[in-house]
Amino acid sequence: MAAESTFDNWQHALSASYEQLINQLVTHTPQLLGAALLLLLGWLVAWLLSKLTVSLLKLCNRALVGISQRVQTEQKLQLNLKHARLIGRTVFWVTMMFFIAAATSSLGLNFFSEWISSLLRYLPNLLAGVFIIVGGYLLGNLASAMAKAGAQSIGFARVEVAGNIAKLAILFTATVIGIEQLGINIQFVTNMVIVLTGVLCAGIALAFGLGSRELIANTVAAKQVSRHCRINDQIEIAGISGRLAEVTATMLVIETEKGRTLVPASQFMQCFAHITAIQTSSSDK
């Protein structure tokens, strides 16, 4: 009797559990169907957005190829096709995460849905940062090509240097903006770059000033020579005597017995010069 009673209890417990499971399935069947429909709709929308993104990137590549042909550069301005597909897959899964969050929320899985929601709230900043950096890369390539074309048109010797400087400047700026968009504090790095840039510019200005000191002195002195002297005057300066044949922007061209001699114009301001005009008397400086 005891065995039969135990068996009846087990049978009753199993039947009760089975009925409870059936009731829960019937109760949650609409939610399960709704979640499945949401996932199916999400897959369809994500697939369409992914294809649209890849198509737009291919269209942008065609536009960049046309621009590179106009500026006559051999540098590729377009994105790699693998990168375009990777961006398309990223768009697919980001879209799917929105629908997965909605599906889990409809099923009552609040913890999972809250985790996905917090991730989705950060995704706009992530995507904005990535797009800014990618856009900076493309714009940097375009600026590099245009800088090279401009340098070639004016006969600048360091064409590659000009292109690389333009590209790196734009890429660095886009990277800094993109990282800040991600919420990463890089104020210290920005300040350090600003200080280094200021020091570099000051060094360049100082080097230019020191290097061009003689040039400026000769230019100013040449103007003074033009005011006080005339072509064909006899001049004696810095131990050189002869006829003043020409006054250039920085030099005095003197005809001597040995031929033409170039004297820096600054010597006119630093040394005593004896000038004998053709129709006038001599004057001393």
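pLDDT is the predictor's confidence in each residue, on a scale from 0 to 100. It applies here because this is a predicted model. For the protein chain the mean pLDDT is 75, and 76% of the residues reach 70 or more. Among the elements of the chain, the highest mean pLDDT, 84, belongs to strand β3 (residues 251–256). The lowest, 41, belongs to strand β6 (residues 283–284). Over residues 280–285 the pLDDT is below 50, although this stretch has twelve contacts in the model beyond near neighbours in sequence. Where pLDDT is low, the predicted coordinates should not be read in detail.

The pockets come next. The largest pocket has a volume of about 190 Å³. Two helices, α2 (81–106) and α3 (110–153), each supply at least two residues of its lining. The largest share, six residues, comes from α3. The lining of this pocket consists of Leu86, Ile87, Thr90, Val91, Val94, Leu126, Leu127, Val130, Phe131, Ile133 and Val134. By residue class, ten of these are nonpolar, one is polar and none is charged.

The second largest pocket has a volume of about 160 Å³. Here α1 (2–70) and α2 each supply at least two lining residues, and α1 gives the most, with five residues. The lining is made up of Ser50, Lys51, Val54, Ser55, Lys58, Leu81, Arg85, Gly88 and Arg89. What is the division of these residues into nonpolar, polar and charged? Two are nonpolar, three are polar and four are charged.

Is Asn218 buried or exposed? Its relative accessibility is 9%, and buried means under 20%, so Asn218 counts as buried. Leaving aside residues up to four places away in sequence, Asn218 touches Ala249, Thr250, Pro264, Ala265 and Ser266. One of these, Ser266, is also a polar partner: the side chains of Asn218 and Ser266 are joined by a polar contact of 2.8 Å.

Conventions. Residues numbered from 1 in each chain as written. Predicted model: local features only at pLDDT ≥ 70, side-chain atom pairs only at ≥ 80, totals over all residues. Heavy atoms only, no water. 1 Å grid on protein atoms, 1.4 Å probe; cavity = no way out; pocket = protein on both sides within 12 Å on 5 of 7 lines; lining within 4 Å. Points joined across faces, edges and corners; volume = space filled by probe spheres on them. Helix = DSSP H or I, 4+ residues; strand = E, 2+ residues; numbered from the N terminus. Nonpolar A, V, L, I, M, F, W, Y, C, P; charged D, E, K, R; others polar. Buried < 20%, exposed > 50% of the residue type's maximum accessible area, 1.4 Å probe, protein only. Polar contact = N/O pair within 3.5 Å; in protein donor to acceptor, adjacent residues only side chain to side chain. Contact = heavy atoms within 4.5 Å.
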